[in-house]
Amino acid sequence: MNTFTEKLKKLWAEQRAAVLRGVGLGAGVVILVIVLLWSSQRRGPAPLTARLAPRGALATLLPDSFFVAYQEPRRRLAGPLSPLRFTFSQPVEAEHLEEFWELRPAVPGKFEPGARPTEIKFIPTAPFAEGVTYSLTIKSGFYSTLGKKLTADYAAKLTLGYDDVTLQLAKDGDASYFFGVNDEKTLTFEVGNWSGQASAKIFSVADPEALLRSFTGDFPNSVNQLTIAVPPEALIAAGEMSGIKTGDSLRLPARPGIYLVQISNGQGGRRWSWVVKSAIGVHFRQDDQGFFLGFQDLATGAPLNQLTAQVDIYGGLGWRDENSLPVKLQTVTVRNLEFVPRPYPEPISALAVRIKGEVVIIPVRMRGSRAEIGVERNLEKQAQVFVYQDRPLYRPGDTLRFRGLIRQDNDGLYDLFPAGKEVRLRFEDETMVLTAGKRGEFYGGWQIPKNANPGVQAVSVRVDEGTAEERYGSFTYEVADYRKPAFDLTVAAPASEYVRGDDVTLSLGGYRFDGQPFANETVTLRVYALDYYETEKAVYSTAFRLNDWGGMCGGGFDEDYYGEPIREEEIKLGPDGKATFTFDTETLTNKYSQNLTFVLEKNDHQGNTITTARSVIVHAGELNIFIRRPPAATVTGLPPKIFFSAEYPDGRRAAREPFEYSLEAIRAYYRDETVITLGQGTVVTGADGRGEIDLPDKIELPEGYGRFRISVAKTDARGNRVRGELTVYDSRERETVLKVTSAKNNLKPGETAEMLIVAPAEMTVLLAYERGRLYDPAFVKLKKGENRLRFVVQEEYVPSITPTFSFFYQGHYQVEGLSFNVPAMHKLITVDLQSDQLQYTSGNQAKLKIRLTNSRGLPVKGEFSLGVVDKAVYALRKGSIPPLHSRFYYFRGRSTNNASSMTYITNGYGGAERGGGGGGGTALGTRDSDLLYWNPFMETDANGEATVEFPVSGNTIYQAVIFAATDQTELGQGEFDLTVRK
C-alpha cells in the first residue's frame, strides 16, 4: 500500500498536468483533495496513514457543504443521446442518484460513475425529443459518500432545439405530434424562421386505429418530411387557417373528435399534429396485474359513475421499435374505476376509449409517449435474494460456505418462496445448481482454487422458474494469503448518545486471542466528525440508524467513511491492556449534530493493520427540530403552512413550548453566504410537539438572492442553540398546482394520517395510494383553499406509500402526491444466544441455546443459520453483510404506469455441494482452523428456542453469527462471542 506521501506526490503530479492543460489551480487542488480522500478512504482495512489526509491546510479545502458544482450541458443538448454530466462538491456514488432523480418528461437511462469520484453521468437509453423542454431535478436528501446531503433541490431545464426552420403545434413550449385537449386554445403554433406566413389544413378522422397506425416507422425530423400512414379517403376536410403567426391558437370545429392538423409554409416545409378533442377526461392507472380507468366530465369535474365505456386495448407499438404496427389485443367494457385484470408482461401500447359518443386516445407504452412508465416486471414473480457467507476472508484453497434466503416479493408484501425451484450460482467460471428449500432457503459450499488471485470476487445468483421472469442476487468474497493477528483492539463508551457540552469518556483496550492482555503497547487513536441527520425517535426503533427525517425504512445507507479527522492521540495501554480517553464535545465547531467515530489502530509484526472503531452521536442540543419538506420545494411552490416537530433525544415530544422562526433570503457563493431576514416570529408547539408556520401569500426575494430559508430555533438549558432549516430555490421548476403537505412523514400501520391539501380552485381529483401496486382509488372533491384529508394506514402500505392526486386543470393533466415511510419494524425479530459456560476448554462440547422473539417480545417459531468463526479473521476484515431486515424492507418509490386522454406524444422519441431443504451442522475443528462450526439450517420450537451442541478446539475467541427468519416474513440477526482455551 502506498504511503500518504507517495499518494500525495502522484496525485499532485496529475493535478499539475491538469493545470498545465488549462484547469484552474484552485479547482485542481480541490479536486486533488476530494480524489485523495475518496480513493484512500473507500476500501477496507488498509493502514489509516494511507487512507486519511492530515488535518492541515489541504484537508480544510474539502467543502463543508454538499452541492452540484457543475452540470454539462447547461441548457441545450448537443444531440438526442447526449449524456448529462454532473460534478459535485464531494465524492458520490452513481447508484445512489436514481432514487433522488426526476426528469420530466421521463427519459429512460442509466447512471454511471464519471472520470472522477465527484462525477456522475446519466446515459439516456432512448433519445431526447426535439423541441421538448425537459425539467431536471436532483432532489434534496441526495447524499455524498462523506455523509453530506443536498439541503435543497437542484433544478435545471434542458432542450434539444428545433431545426432552423420550424413548423409545430406546441403546448407550453413542448412540440408534439399528438395532443389530447378539451380546449384547443391551449395549443399554439410555432411558425419558424422564414419571411412568409404559415397555413394549416384540418381533417377529421373517424377511425382511432388510423391515428395509431400513423405512429409507425420513423417520425419526421425535419420540416421537409411528412409520413402519415393514413389513407387519403379516411381524411375528411374540417377547416383551414391562414396567415398563421407564432403564438396563434389552433381553431378546431366545435364538436369533439379526432383531428389531423397539417401545417405548411407554402415553400415545401410542412409538419403535422394529431389532436383529440373531448369533453370527457379519462384517467389511466396500471400496475403489473391490471389497470383501471376513471371518467370525468371536464366541464363540471363530476365523475361519470353511471356510464360504461368500450375500450379497445392496443399493443405492438413498442417505444423502441421503429417498424412496429398496432395490434388490437382486446376489447372490454369498463365502468368508472373498475379494475380490469391484465397481468404483465404483455404491454399495453395505447387505448381507444369510446364513451358517450366520443372517442379518446390514451397513449401508454409507445414511441414518443409522455406517459409515466414504471411497470417493468410482474411483481408476483419477483423475488428478493439475500446471500451471505460464513466469514469475510478466505485463503486460496479454502471452502467458501454460503447460505441464501429467497422471499416472494409481491410489492414488498413478502410471501414464502415456492420450494423446489432451481437456484444457479456463478463462481468465476463454474456454475452451481441448488434447490430452494421449503422456506426459500438454499446453501452449499465451493472450494476456492488454490491458484486464486487475491482480491474481491463477485458471485451472481439467479432464481429461474422456467418463465420469462428471472430473479437475481449477488454477493462478494475476498481472497488473501493472510496471517491471523495475535491481538485485537477495543473501544467502548458508556453511552451511545450525548449532548454538546458532555464529556465522552472512552475505555480503550487490547487483548490477545490467547487470553493475555495487550499490555504496555502504544496505540493510535483518531477522532472523526461527520454531520448527523437527526431522526424522530418517536417513530423509529433505535435498533436501526436512519439518516434523515424520512430516510430509508429500517436502515439508511451503508457508510464507508468516518468523516473529517479532528484529533489524533498516541495512547499507551496499561499492564492490564487498558486505558481511558476523554473527549470534550464543547470543542466541536460545527453547528449541526455530529456522529463522532473513535478509531483505534495498531500495526502488528506480520504487516496487518488492526483497526476497531466506536461511534457515538453528539446532539447539537437537548432537543431536535425537524421541518417537514413539502413536495414542491421552490419558493413559488411552497404551501401556505410549513410543519415542524420537536422532541428530546429520548423521544419525548417538546409539547407546548415556544420556538423562534425566521424567513430568510440567501445569496450564496461557495462558502460565502449573505442573509437578509424577510420575517420572523414565535410559534408554540401543540401537545404532540408539532408546530405550524404560516407563510406569506407571496414571497419575493431581492435581486441576486436565489434561495429562501425557513429556520426554526430554540436555546436549550445548556445554552446550545438548536436549529432546524429548510432551504428552497427561487425557481418554478417544481411548482405544483396542489400544495400537499403533512405534519408527519413516517407512519405506522393502523394509525390515522392527515394531509393538508391547498387547491387553487374547486376541483375533483382522482386519489390513489401507490407503490408498485395501486390501492383504494377514489374521486375526491376539493374546495378552493385548505382541505384536510385523513386516511387509515393499511398494513399493505408497508414499507412506503405515495398518495397521488390526478386531475385535469387549465387544459393540462397533472399527477402530484406526497410520499410517506411506513417502516416494517413489526417485522423485526430479536436473536438471543446463551451458552452453558462462560469459557470452554479445547476438546470439550459447547452447548448453545438460541431464542427468537418478535417485535412485541413474544417467542416465535422460525429457522436460522449459525456460523462460528475465529474472531481474529474479523480483526482483519470487518463483516460486509448488510442488515437482513433493511435488505428486504426498504423504501420504495412509485412504479406504476400513468397516462390520460391528455397525455401527449412528442415528435419521435419515447420515451460442487448441493443443499436446500434441511441438513445438519458441521463441526469443522482442525479441518478448517478459521471456521469452527457451520449449520445453514436449524429450526426453533413453538417457544422460539433451539439448542445446538458441537465440539470446540483452539485457544482463541470465536464469533458466532446468526441469521433468522419466520414464516410470517419476520427477519433478524445477532452476533455473539465464544471463548475457547487450551
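A polar contact is taken here as a pair of N or O atoms within 3.5 Å, of which, within protein, one must be able to donate a hydrogen and the other to accept it. In the predicted model, the side chain of threonine 956 makes such a contact with the side chain of aspartate 870, at 3.1 Å. Threonine 956 lies in strand S62, which spans residues 956–965, and because its relative accessible area is 7%, under the 20% limit, this residue counts as buried. Beyond its neighbours within four places in sequence, threonine 956 is in contact with Phe513, Leu978, Thr979, Val980 and Arg981, as well as with Asp870.

The chain that holds this site comprises 6 helices and 63 strands. Buried residues account for 56% of its 982 residues, and its accessible surface comes to about 39,900 Å², with 46% of that area belonging to carbon and sulfur atoms.

In soluble globular proteins, nonpolar side chains tend to be buried together. The largest nonpolar core of the model contains 78 residues, among which Phe581, Phe598, Leu738, Phe791 and Phe805 touch the most other members. Helix H5, formed by residues 871–876, gives the most to this core, contributing 5 residues. Phenylalanine 791, when neighbours within four places in sequence are set aside, is in contact with Leu747, Glu751, Thr752, Ala753, Met755, Tyr769, Tyr797, Pro803 and Phe820. A second, separate core consists of 29 residues, including Val92, Leu97, Phe128 and Ala156.

Charged side chains were examined next. The count of salt bridges comes to 55. Glutamate 673 and arginine 709 meet through their side chains in a salt bridge with an N to O distance of 3.3 Å; this pair links distant parts of the chain, with glutamate 673 in strand S41 (residues 672–684) and arginine 709 in strand S43 (residues 707–715), 36 residues apart. Glutamate 673 is partly exposed at 45% relative accessible area, whereas arginine 709, at 8%, counts as buried. A salt bridge of 3.1 Å, N to O, likewise joins the side chains of arginine 788 and glutamate 754, which lie 34 residues apart in strands S49 (residues 785–792) and S46 (residues 752–759), respectively. Arginine 788 is partly exposed, with a relative accessible area of 39%, and glutamate 754 is also partly exposed, at 27%.

Salt bridges that share partners join Asp390, Arg391, Arg395, Asp398, Lys484, Asp870 and Asp930 into one network. Within this network, aspartate 930 and lysine 484 meet in a salt bridge of 3.0 Å, N to O; aspartate 930 is buried at 1% relative accessible area, while lysine 484, at 25%, counts as partly exposed.

How values were computed
Residues numbered from 1 in each chain as written. Predicted model: local features only at pLDDT ≥ 70, side-chain atom pairs only at ≥ 80, totals over all residues. Heavy atoms only, no water. Core = buried A, V, L, I, M, F, W, Y, C linked by side-chain atoms within 4.5 Å. Buried < 20%, exposed > 50% of the residue type's maximum accessible area, 1.4 Å probe, protein only. Helix = DSSP H or I, 4+ residues; strand = E, 2+ residues; numbered from the N terminus. Contact = heavy atoms within 4.5 Å. Areas by Shrake-Rupley, 256 points an atom, 1.4 Å probe, with all protein chains shown as cover. Salt bridge = Lys/Arg side-chain N within 4 Å of Asp/Glu carboxyl O.
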